[in-house]
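Biologist: Please take a close look at a single part of this model. I would like its surroundings spelled out, with the cut-offs.

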Amino acid sequence: MVNWAQMYDCHSDVDRVPELLARVEREYDSEAWTELGHRLILEHDLVSPASIAALPWLVRLASESREARHLAGEIMERAASHHGSDELLAESADVIVKFGALLDRHLQSRPSDYLVTFRALLAVEGQYHWSNVLGDFADDFYDLRCPHCGVEVIVAIGDYGRYSAIRDWNLGDVDRRDLRPRPGEELTGVGRWMHEIAVRDEEVALAEGIAHLFGKAECPRCASVFTIADEYEAANCPVLR
């Protein structure tokens, strides 16, 4: 049983979230869902104790409610932030496992919100970094440094090309080098898991993008070759508590 008197939301209130959850549980209420979003997610980045406490309610509604599924996913994507409710999150482990199974089933229906659901599933699996940065590979860029010479390299994975380059603000991306995607059978770890799900669900663009993201790039300056995802994670992945 949640003690809502101790569960402050992102506006420092303790009474609104349980009232709003009761409203959306009774019937669809667009205004209540909008307010819940504002109270459970602060400035698209942070969550509060009330956000973690609301997870079981949202997951219970998620199979029938797109709003509940998306909001629970957004909370999970931010679960590594400083919300002061790690113990409460741990107590919700079974709920989170159920949410992951629900998300996986939804992915297999090839929904219109596939990427949103995919990112939520990444968060459920503890891949908070990729859940927050993964795009649809239509217009994706990754800034990193060559691990050998230190030059700033831009990696593009999208409809316009898949390459590493040096970005010149007057000339654009210069000295482009084609990326070297890693075949699915050679992928390991989270890259393999992500790729297998995308292939299973016939998400061709996503699967190809993942193969490139976890593949190799050549530095335009020194011609050394490195794994894109490894270097990007090393520079950007937060240290989890």
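Modeller: The side chain of Asp-9 reaches the backbone nitrogen of His-11 at 2.7 Å. That is a polar contact (N or O atoms within 3.5 Å, one able to donate a hydrogen, the other to accept it; residues adjacent in sequence count only if both atoms are side-chain atoms). This is a predicted model: local features need pLDDT of at least 70, side-chain atom pairs pLDDT 80 or more, while totals for chains, interfaces and linings use all residues. Numbering runs from 1 along each chain, and side-chain values use heavy atoms, without hydrogens or water.

Asp-9 sits in the segment before helix H1 (16-26); helices are DSSP runs of H or I, at least four residues, numbered from the N terminus. Asp-9 counts as buried because its relative accessibility is 4%; the limit is under 20%, with a 1.4 Å probe and protein chains only. Beyond four places in sequence, Asp-9 touches Arg-16, Val-17, Arg-39, Ser-48 and Ala-50. Contact here means heavy atoms within 4.5 Å.

Ala-50 leads on to H3, as one of its buried residues. Eleven of the 14 residues of H3 are buried. Their cover includes H1, H2 (30-40), H4 (66-77), H5 (86-91) and H6 (93-108). H3 also bends by about 40° at Leu-55, and Pro-56 follows within four residues. The bend is the angle between axes fitted to the seven residues ending there and the seven starting there.

Note on methods
Helices (H or I, at least four residues) and strands (E, at least two) are DSSP runs, numbered from the N terminus. Buried means under 20% relative accessible area, exposed over 50%, partly exposed in between (1.4 Å probe, protein chains only).
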